[in-house]
Amino acid sequence: MPDFALFRDTLLDRLRMLVEEEWDEVAAAALDDGRAFVATAEADLARWTALLEAGDLTPEDFTWLVQGKRDLAELEALKQAGLGLARLDRFRSSLLDTVVGTAFDVFL
C-alpha cells in the first residue's frame, strides 16, 4: 500500500524532471514555486490521496479538487524571474497535471 511520503517524493522527482525538460532557463524559480505549492497544499493532498486510494473519491473528483487549488500556486519566484502571464499559466497547468498524474500512478 503506497503512502503519502512515497507520493510526495515521487511528485518532487517528477517536478524536477518537468523543470529540467521544459523550464531550464528559470529552473531554480520553477522548482521553488513548485515545492512551495506542494508544501502549501500538502494537508489537502494527503487527505484527498487517502480518499482516492480508498475509492471514496473518483479520479474526476480528485482532479477537480486539485484544479481548485490553482490559486495556491502563486508562482512568486517565476513572477520575479519575469515570466509573462501566459507562461505562468502554462507552468501552473503543468504543475497541477503533474500532481494529478503522480497521484493516479501511485494510488490507482
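Which side chains meet in a salt bridge at 3.7 Å, N to O? They are those of Glu76 and Lys79. A salt bridge here is a side-chain nitrogen of Lys or Arg within 4 Å of a carboxyl oxygen of Asp or Glu.

The structure is a predicted model, in which local features need pLDDT of at least 70 and side-chain atom pairs count only at pLDDT 80 or more, while totals for chains, interfaces and linings use all residues. Residues are numbered from 1 along each chain as its sequence is written, and side-chain values use heavy atoms, with hydrogens and water left out.

**Salt bridges**

The count of salt bridges comes to ten.

| Pair | N to O distance |
|---|---|
| Arg47 and Asp44 | 2.4 Å |
| Asp89 and Arg70 | 2.8 Å |
| Glu76 and Lys79 | 3.7 Å |

Asp89 lies in helix 5 and Arg70 in the loop between helix 3 and helix 4, so that this pair links distant parts of the chain, 19 residues apart. Helices are DSSP runs (H or I, at least four residues), numbered from the N terminus. Asp89 is partly exposed at 36% relative accessible area, and Arg70 is also partly exposed, at 21%; the class lies between buried (under 20%) and exposed (over 50%), with a 1.4 Å probe and protein chains only.

Glu76 and Lys79 both belong to helix 4, three residues apart, about one turn of the helix. Their relative accessibilities are 39% for Glu76 and 41% for Lys79. Elsewhere, salt bridges that share partners join Asp44, Arg47 and Lys69 into one network. Within helix 2, Arg47 and Asp44 are three residues apart, or about one helical turn. Arg47 is partly exposed at 46%, whereas Asp44 is buried at 15%.

Leaving aside neighbours within four places in sequence, Phe7 is in contact (heavy atoms within 4.5 Å) with residues including Leu45, Val99 and Thr102. Thr102 is placed in helix 5 (residues 85–107) and is buried, at 0% relative accessibility. The side chain of Thr102 reaches the backbone oxygen of Thr98 at 2.7 Å. Beyond four places in sequence, the contacts of Thr102 are Phe7, Thr10, Leu11 and Arg14.

Key:
Helix = DSSP H or I, 4+ residues; strand = E, 2+ residues; numbered from the N terminus. Polar contact = N/O pair within 3.5 Å; in protein donor to acceptor, adjacent residues only side chain to side chain.
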